[in-house]
Amino acid sequence: MGATQVRNPRQIVFTLDHDIQNTSDANLKKYQQIKTFAEKHSIDHFPPGRGIGHQIMVEEGYAWPGTMCVASDSHSNHYGGIGCLGSPLVRTDAASIWATSRTWWQIPPVARVNFTGTLPPGVTAKDIAVALNIFFKSDVLNHAIEFTGSEETMASLPVDSRYNLNSKLVWKIKTNFSAD
């Protein structure tokens with residue numbers, strides 16, 4: 001690629017949450033290199049031990065309703081729980097975005113899941129996700145999933161439940177989001 005600069009450091013956030021228990025010299029050196037790179041390019045950086053990357057993105061206000069957030073994290077569709085279009089991408093695509101501030105997306109087909117009623121006592125968003133994972137397998141491959149329902153239904157699924165639902169799906173989907 002030949003890039004030597006990050007085009008827009010405000011678009012990038014580093015969250016280190018994998019392999020943090022590994023205190024080998026090689027791993028600590030890698031983490032230090034990432035920190036040095038972030039500091040050199042004025043990129044927001046959250047060190048190992050700070051938390052789970054996709055949680056940090058929401059808690060710190062990088063992902064919010066009505067926006068799009070991409071990450072080299074398979075849990076990026078998690079952002080759908082707060083109404084943010086979230087999608088994973090591979091690291092080479094991320095590097096290209098760092099260098100150019102541009103990318104393109106092929107708009108995937110949308111599968112709508114329309115919830116009705118409210119959850120019975122004792123039933124959780126995880127239960128919904130387990131059921132959806134059983135009933136829909138390849139039907140939704142490479143789709144965007146939209147979770148909708150009546151105002152009463154969606155009000156009965158608080159944000160933490162939507163967040164949980166979006167993180168528990170095992171489909172190979174492009175993204176998902178909850179709509180009010």
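Start by selecting residues 125-135, helix α4, together with residues 159-168, helix α6: their axes come within 8 Å and cross at roughly 30°. (Axes are lines fitted to C-alpha atoms, for helices over the stretch in contact, and angles run from 0 to 180 degrees between N-to-C directions.) Because of that angle, α4 is roughly parallel to α6, a label for angles under 35 degrees. This is a predicted model, where local features need pLDDT of at least 70 and side-chain atom pairs count only at pLDDT 80 or more, while totals for chains, interfaces and linings use all residues. Residues are numbered from 1 along each chain as its sequence is written, and side-chain values use heavy atoms, with hydrogens and water left out.

Next, show the side chains where the two helices meet. On α4, pick A125, K126, I128, A129, L132 and N133; they meet S161, N164, L165 and K168 on α6. Contact here means heavy atoms within 4.5 Å. By class, this contact has five nonpolar, three polar and two charged residues.

Now zoom out and colour by secondary structure. You will find six helices and seven strands, being DSSP runs of H or I with at least four residues for helices and of E with at least two for strands. Follow the chain along its sequence and the pattern reads β-α-β-α-β-β-α-β-α-β-α-α-β.

Finally, select the whole protein. Its C-alpha atoms fill a box of roughly 50 × 35 × 30 Å along the principal axes. Of the 180 residues, 37% are buried, meaning under 20% relative accessible area with a 1.4 Å probe, protein chains only.

Definitions and conventions: Parallel < 35°, antiparallel > 145°, perpendicular 65-115°, else oblique. Nonpolar A, V, L, I, M, F, W, Y, C, P; charged D, E, K, R; others polar. Buried < 20%, exposed > 50% of the residue type's maximum accessible area, 1.4 Å probe, protein only.
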